[in-house]
Amino acid sequence: MSAETLEFQVEARQLLQLVIHSIYSNKDVFLRELVSNASDALDKLRLAALRDDALGVDTSDLHIELAADPEARTLTVRDNGIGMSHDEVIQLIGTIANSGTAKFVQELKEAKDAKDSSAAENLIGQFGVGFYSSFMVADEVELVTRKAGEEHGTRWTSSGAGTYSLERVEEAPQGTSVTLKLRPADSDDQLHDYTAAWKIREIVKKYSDFITWPIRLQQETPEASAEPVNSMKALWARSRDEVSDEEYHELYKHISHDWLDPLEVVRLQAEGTFEYQALLFIPSHAPHDLYTQGYQRGVQLYVKRVFVMDDCEALMPPYLRFVKGVVDAADLSLNVSREILQQDRQIQLMRRRLAKKILATVKDLRAGDPEKYATLWREFGRVIKEGLLSDFDNRDAILTAASFASTHDAEQPTSLAQYVERMKEGQQHIYYLTGESRQSVEHSPHLEAFRAKGVEVLLLTDPVDELWVEAVPEFDGKQLRSVAKGELELDGETDQEQQEDREQRKQEFAALLGWMTEQLGAEVKEVRLSARLTVSPACVVTDTNDASPALEAMYRAMGQ
Ligand code: ADP
Ligand code: MG
């Protein structure tokens, strides 16, 4: 078969252009990305071989090899892992699957056009460009791969400019090798000489030390290559004080494909009948696709150090889908399927325990590191609140961990406990108002009477707020009450005099109210005098048990 030339998918092409025109200052990370891919490929092969005897591959010496040629100015990263088929190469290397890509590329372009390099760096960091980061240091990349169990291999070459070539290779070793034709080392020292053994060692130690496969540096004399550059220690199996934060952070980047450090590291060791170790990470930012259908939640599952699956959704409830990490269980079969995991009682217990641990961490951060907590809640509060609808066990833990905007302070959100502390003498309820934005709720006439009396109101503007307020009856014995619903009795104003006063006014306005009810007809249930307004002449309210206007709008949007 002759060579074929194919075009990169549009987003991939645009992304490559941005990568080539160097917007990321730390170029060393390209090696981390290639090693990370090689390590994944080895994990996949080992698992495939364990599950399928017929695969017939040699797994006795799975490893990653780095080979530099200073004369030719090339660096090769080679693995004897799972490899890719011809079609997989097109699919995995020629396109970007991430659903947020188009938007991301646009933002990146804008940052670059505005010469805002720190914004561009931050964006790349949030997205991570994986394999394409090779083009930060190379002007040509060749990938030769053969998938385990297949006969022929595929050669892929590209200079990153719009197209790539594919060619069948009759004899290729199983696995993948990526060879970079390095650009000349530049004078401002951003581009190092990546053919220098010391430099390669330094980068591997720094970014890939925890990789559990041997990473060998091939040197001029073959026998010198025996000793791996990395120490290969599974970080989750080591005690906390043996591992530095940097090591944890690099593991996080490997498993999450994020380029930024995580916000928090959470460890859990369970002993007893069902033993497992968990090393979990709370990211420092929400991914682009957190709210999309295809978002892959869950953490990696290992069984006794052997990788079993990515995105194991059975290990995390949906509302904690942003949590990344590793769970290593002692007593599971390597053949375990997603379906079996979903139904396994031990796994359900594990998920409960992990969820509790994450929520406890959020709570501790609030007290111990308010700044981190604020970032966490800003990025993930919306998702965590979904748990109020699904995780009844942890409802109180979620309410305790949560923050809400409130009329008490224009800037600082409040906890429910703080709200309760500030409640007025005689106030029995926790008041809230839902709406689309802080601005729109701030100007709502529903707030007038509360403002006048100095009663605090929570301002809830996330779509999920509409739902959970209906489902959560109370916090700390105080009912949650919408200020936009039903008859308003601001606590403490039920005395005799006011009652009589109201009755009298009702009589006075009876004719007007009757006329208005008639005019509005089926549009409203009832027109009545209100104690909730001080400035506005009228407002629309719903019955205590009816859906709020925003919720109605949401149902309508969903076609119900
Ligand atoms: P990511 O690792 O985040 O998925 P990459 O751009 O690094 O993104 O890689 C894209 C995909 O290409 C990988 O998910 C993997 O399926 C495939 N791939 C890359 N390198 C290798 C390799 N050495 N062996 C097998 N597959 C690979
Ligand atoms: Mg990768």
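A: In the classes used here, Ala, Val, Leu, Ile, Met, Phe, Trp, Tyr, Cys and Pro count as nonpolar, Asp, Glu, Lys and Arg as charged, and the others, Gly among them, as polar. The structure is a predicted model. By class, the shell around ligand 1 holds 7 nonpolar, 6 polar and 2 charged residues. There are 15 residues around ligand 1, of which N37, A41, L92, G130 and F131 come nearest. Two or more residues of the shell are given by each of the elements α2 (29-51) and α3 (86-93). The most comes from α2, which gives 4 residues to the shell around ligand 1.

The sheet may be described next. It is an open sheet of 5 strands, arranged in the order β9-β10-β13-β11-β12, and its pairing is mixed. At its edges are β9 (264-270) and β12 (306-312), each of which pairs on one side only. On average, neighbouring strands of this sheet are turned by 15° against each other, direction ignored.

Strand β10 (residues 276-282) pairs with strand β13 (residues 324-329) in the antiparallel sense, over 6 bridges. Here L279 stands opposite V326 in β13.

Helix α7 (residues 245-256) lies across β9, β10, β11 (299-303) and β13. Relative to β13, helix α7 runs at about 95°.

Technical notes. Residues numbered from 1 in each chain as written. Chains lettered and ligands numbered in written order. Predicted model: local features only at pLDDT ≥ 70, side-chain atom pairs only at ≥ 80, totals over all residues. Pairing = 2+ DSSP bridges. Axes fitted to C-alpha atoms, helices over the stretch in contact; angles between N-to-C directions. Contact = placed C-beta atoms within 7 Å. Near = placed C-beta within 6 Å.
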